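Hi,

Here is the structure I said I would pass on. Have a look at it first, and then read my notes below.

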Amino acid sequence: MASLSSDEWRAICDKFTNAQNLTDVESRKDPDNDPFRSKYKARELLREIYCSLKNFEAGDGEEDSGGESGDQRPKEPPVDGQREDVFGQGFSGDSPAGLRAAKLGAVEYYLGVNHVDTEELSAGQEHLMNCMKLLERCRVSSENVSLFIHVRNQLGILWAGRDETETAQGFLETAESIYQRYMKEDGSPPTDMTEYFTTEEKLLTHQERTKRFELAYTHTMYYLAQVYKNLGETERAATYCHSTLQRQLQLNQFSPMEWALNAATLSQYYITKGRYMEGRHCLAAATVISGLAGEVPSEAAAQESETECERREQLRQKRAEIARCWIKYGLNLLQDAKKLLEDNIGELDSDRQEELKRARRREEEEEEKGRKSALLFGSEDTFDSIASLEEKVPCLLPLDFTEARAVFLVGQTYVTQAKEYFQMDGYVTDHIEILQDHSSMFRGLAFFEEDLERRCKMHKRRVDMLEPVCNDLNSQYYLMIRRQMMFELAETYNEMMDLKLTLANRQADTESLDNHTIKKFNSLCSASAKYFQMFLDSLCSPEGKSPEHLEEEVLRPALVARFRVARLHSQLISSVPTMQLDNLNRSLENYKYVVEYCDAHPEAVAAVETELELSREMAGLLPLKINRLKARMAENN
């Protein structure tokens with residue numbers, strides 16, 4: 001067999017170094033009209049290396065199985081077409097045949113990645129499968145384990161990009177199991193693929209080998225997180241995402257803002273599952289790590305350079321997005337607490353509150369243990385900063401006003417931050433969603449407030465926040481958002497009206513309400529009816545005709561709005577009989593609409609069972625009341 005002289009080997013190593021440099025460095029400078037110029041040059045060098053290896057190392061009776069084409073898709077995706085025992089059969093990794101297969105396999109791997117990068121996916125897949133075939137003849141060992149994992153990572157990405165998620169899953173899960181078994185059975189820092197073409201004096205240190213190998217496995221976990229997410233296995237996806245983020249910190253291989261956004265996004269999964277401790281940990285880590293990206297450049301610096309201007313904009317935007325995740329954290333904490341503590345009429349159940357407070361005292365010691373066993377983020381540099389930020393934010397469901405206020409104030413701080421970036425001018429939908437979340441936080445806090453006057457003031461803050469924006473919005477472009485806001489304003493005025501009536505009834509019966517109270521009550525009642533009616537009008541045709549059939553997404557809101565308008569008109573207080581009659585007639589008309597619509601569309605009944613039952617009752621009672629009023633009016637004439 002022909003063997004390579006040291007000069008010939010050095011020439012191959014130089015070509016490989018040049019190919020790597022063209023791929024990683026020079027390609028970034030390629031012009032827009034020839035974006036793959038450096039990648040194509042690198043490909044030529046890789047092909048030359050492949051030919052040299054084949055020429056010099058052919059003729060020893062070992063056939064190599066590279067270069068086959070055809071359908072390269074594995075026949076059994078769950079095991080990715082690989083023999084199950086990749087550790088026990090075939091050439092030893094450090095034998096001449098094993099090393100030759102690994103070197104040829106590595107060139108096939110780099111050619112595969114090169115074709116994928118230049119958007120030639122089928123050719124890329126063929127080279128990657130050739131690499132797999134060469135490796136099939138070898139046992140997994142420290143000489144080739146890195147290549148075993150890298151090629152599966154690449155095939156996993158390739159198939160995921162084609163929406164063949166289960167095929168991708170097969171490659172990636174095999175990569176994961178190879179890593180785990182290698183670490184259990186050997187665990188020594190393995191050869192990096194670049195070292196196949198490196199002269200003796202340039203070999204990597206053990207530390208660098210370990211870091212690169214661990215990074216390859218971190219990529220496996222990252223891609224598996226995406227795969228599980230696409231398969232709807234959200235819990236598994238979250239676990240892999242959490243581990244990926246943790247490993248990136250440990251290996252110090254991450255971009256601070258990208259890492260922080262991923263951690264903040266993961267927090268939203270934990271929040272929806274009621275796992276606020278983990279959610280808070282992710283957000284605290286996101287805030288601390290985003291700080292590593294440095295200060296937002298000043299506007300003066302940003303004006304001097306386009307790059308600084310872009311960087312300033314990106315940092316501001318991403319930090320505002322993290323602030324929005326904190327807002328959702330506070331809001332969900334308040335809403336979950338409300339659901340847990342409210343009775344059947346939506347008020348705070350004090351017995352349940354006491355029971356939960358007793359249970360919490362028992363659980364506090366357990367919580368401390370659980371906290372320590374949670375998967376924590378951080379390195380020595382950041383751990384203390386993350387922990388001290390966490391200490392300032394509650395993670396237990398608030399059980400009284402003081403606790404709820406602490407959660408509210410955290411959320412409100414981040415509302416201010418988020419609004420600084422997402423301003424009305426340029427970010428209409430984002431700005432309004434932040435306002436709506438702020439309003440919902442006030443609503444959550446009001447639930448815990450025992451003083452009804454103060455509770456009413458909180459709802460007034462919601463109105464002051466939403467009303468001007470709702471009235472200024474262009475109904476043509478922002479119809480859906482306006483509808484949401486009209487409905488929320490109508491409900492908020494309704495809550496204020498109920499609170500005012502409760503307060504008045506505590507002081508005197510309705511018959512002897514003073515004029516000021518009646519005026520205030522009627523004003524809130526009319527405002528609520530006005531916004532419910534605006535919502536209903538927004539569903540009408542340009543000629544003002546109500547729809548014969550309500551679409552599913554507006555069915556319940558539309559019928560509830562009708563029911564509320566009916567109820568509000570019957571509650572208006574007036575000493576003028578003609579006005580009383582007008583209000584009662586409008587009330588009856590709306591109750592009848594709910595009944596008649598549900599009779600004509602039986603599928604709507606399930607959406608408004610309670611409202612329908614009361615509407616039927618009132619549609620029967622109101623005509624009697626109207627007739628009595630008419631009779632009294634006739635007597636007085």
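A quick word on how elements are named: helices (H or I, at least four residues) and strands (E, at least two) are DSSP runs, numbered from the N terminus. Keep in mind that this is a predicted model, in which local features need pLDDT of at least 70 and side-chain atom pairs count only at pLDDT 80 or more, while totals for chains, interfaces and linings use all residues. Residues are numbered from 1 along each chain as its sequence is written, and side-chain values use heavy atoms, with hydrogens and water left out.

Let me start with two loops. Glu-119 sits in the loop between α3 (96-117) and α4 (121-136), and its phi is near 65°, a positive value in a residue other than glycine. With a relative accessible area of 62%, Glu-119 is exposed (exposed means over 50%, buried under 20%, partly exposed in between, with a 1.4 Å probe and protein chains only). Asn-252, in the loop between α8 and α9 (256-272), also has a positive phi, near 55°. Asn-252 counts as exposed too, at 56% relative accessibility.

Now the chain as a whole. It has 22 helices and zero strands. Its C-alpha trace spans about 125 × 55 × 55 Å along the principal axes. The radius of gyration is 34 Å, whereas a compact globule of 637 residues would be near 26 Å (taken over C-alpha atoms, with the globule rule being 2.2 Å times the number of residues to the power 0.38). Of the 637 residues, 47% are buried. Among contacts with a separation of 6 or more, 72% are between residues 24 or more positions apart (a contact means heavy atoms within 4.5 Å).

Cheers
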